[in-house]
Amino acid sequence: MRATRALIHINHFIHNLQLVRSQCPQQAICVAVKADAYGHGAIPLSQAALQNGATHLAVATLEEAAQLREAGLSAPILLFSLLTPEEIPEAVSLHLQPFETSARGLELYAQASAAQGRRTGIHLKVDTGMGRIGCPPEQVAELALFIHQSPHLELAGLATHFPSADEEDPHYTQEQVGRFQMALQSCASFAPQQIHAANSGAIVAHPQARFTMVRPGIMLYGYYPSHDQKRHLDLKPVMELRSKLVHIKRIKKGDTVSYGRSWTAPHETVIGTIPAGYADGYNRLLSNQGWVAVNGRQCPVVGRVCMDQFMVDLGPQAQDELYDDVVLFGGDAPAPSAEDIADLCQSISYEVTCRIDKRVPRVYEGL
């Protein structure tokens with residue numbers, strides 16, 4: 001196996017899911033496994049989720065849904081993104097439960113469902129303030145009536161999404177909850193099967209938004225949505241990115257390292273080379289500012305991160321040996337977390353795990 005690999009701690013994922021269940025004992029749990037389960041592997045993570053209390057899965061594309069169906073997963077799968085007319089028949093054939101926001105979209109789903117002799121569950125998406133996709137709250141009753149009157153559709157859910165549930169100021173999210181409750185009242189006679197709004201941030205901070213189903217995402221993979229989030233849950237990172245030292249050499253004061261000669265040794269020291277780079281998802285922005293853990297020490301990244309390799313300063317007294325393990329992120333201290341990496345790159349932990357390329361093998365532990 002390649003030296004650079006992503007260890008996926010399934011037991012940590014199950015631990016995080018159990019924390020969600022402890023917060024939401026009465027709610028159905030829809031696990032977001034889009035983007036290959038945030039880079040962790042959609043099929044094994046979906047299997048683990050369904051075996052440990054999750055009721056629904058959620059993806060963003062038809063390809064992601066098809067992968068789960070081909071793996072034999074029959075659980076309800078929500079489709080978060082809107083489709084074009086050409087894609088809708090496949091969504092129906094895969095027995096997906098899509099988000100929809102318009103009368104035209106509902107007509108297309110009704111036509112495709114009729115042609116296939118099927119009934120499709122629709123989740124009406126309401127825009128209460130995200131400003132991305134969703135119908136206005138005042139249109140919910142009309143669209144719900146359309147679904148109710150169609151013999152080939154059913155109202156599987158009513159949903160909305162929060163852009164800032166993880167922030168310290170709760171007022172905007174509280175206003176959204178109020179608008180969503182008004183939309184719900186307008187279609188209550190049509191009895192949506194699931195009512196859902198709470199993402200990871202809202203599950204923790206806005207219990208009134210849990211309704212009948214919650215949609216945890218990043219918290220299942222071990223991270224809070226933002227630094228503003230109160231961290232009273234013991235989340236455990238699921239991905240640990242590891243590699244090995246494949247080259248070690250001593251350099252003199254004044255020697256330079258990597259492209260552009262952007263780092264000059266301030267004294268004699270030992271440099272280690274790690275066979276991972278930005279093509280693997282290890283961000284080039286970590287050049288001269290990131291760090292890794294080597295034999296229990298924090299070792300800084302020196303020089304520019306290359307496509308397939310980067311270098312670290314092991315220190316002038318280093319006793320490390322070839323092929324010693326290196327933790328790039330996600331392990332115990334002094335290794336950085338995905339949040340630490342995100343902070344250095346002015347990004348978010350979601351992007352850090354999603355960026356780990358397919359050429360990095362996933363090794364599943366704790367199954």
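Two strands are taken to pair if DSSP finds at least two bridges between them; strands (E, at least two residues) and helices (H or I, at least four) are DSSP runs numbered from the N terminus. The model is predicted, with local features requiring pLDDT of at least 70 and side-chain atom pairs pLDDT 80 or more, while totals for chains, interfaces and linings use all residues. Residues are numbered from 1 along each chain as its sequence is written, and side-chain values use heavy atoms, without hydrogens and water.

**View 1. The open sheet of nine strands.** With mixed pairing, the strand order is β11-β14-β17-β16-β15-β18-β10-β1-β19. Because β11 (247-251) and β19 (362-365) each have a single partner strand, one side of each of these edge strands lacks a neighbour in the sheet.

**View 2. Surroundings of strand β1.** Four bridges join β1 (residues 5-9) to β10 (residues 239-244) in the antiparallel sense. Alanine 6 has leucine 241 of β10 opposite. Helix α1 (residues 10-23) lies across β1 and β19, at about 40° to β1.

**View 3. Valine 270 in strand β14.** Strand β14 spans residues 269-274 and includes valine 270. This residue counts as buried because its relative accessibility is 5% (buried, under 20%; exposed, over 50%; partly exposed, in between; 1.4 Å probe, protein chains only). Beyond neighbours within four places in sequence, the contacts of valine 270 (heavy atoms within 4.5 Å) include Ile248, Arg250, Val312 and Pro316. Aspartate 313, also a contact, is 43 residues away in sequence but 6.1 Å away C-alpha to C-alpha.

Key:
Axes are lines fitted to C-alpha atoms, for helices over the stretch in contact, and angles run from 0 to 180 degrees between N-to-C directions.
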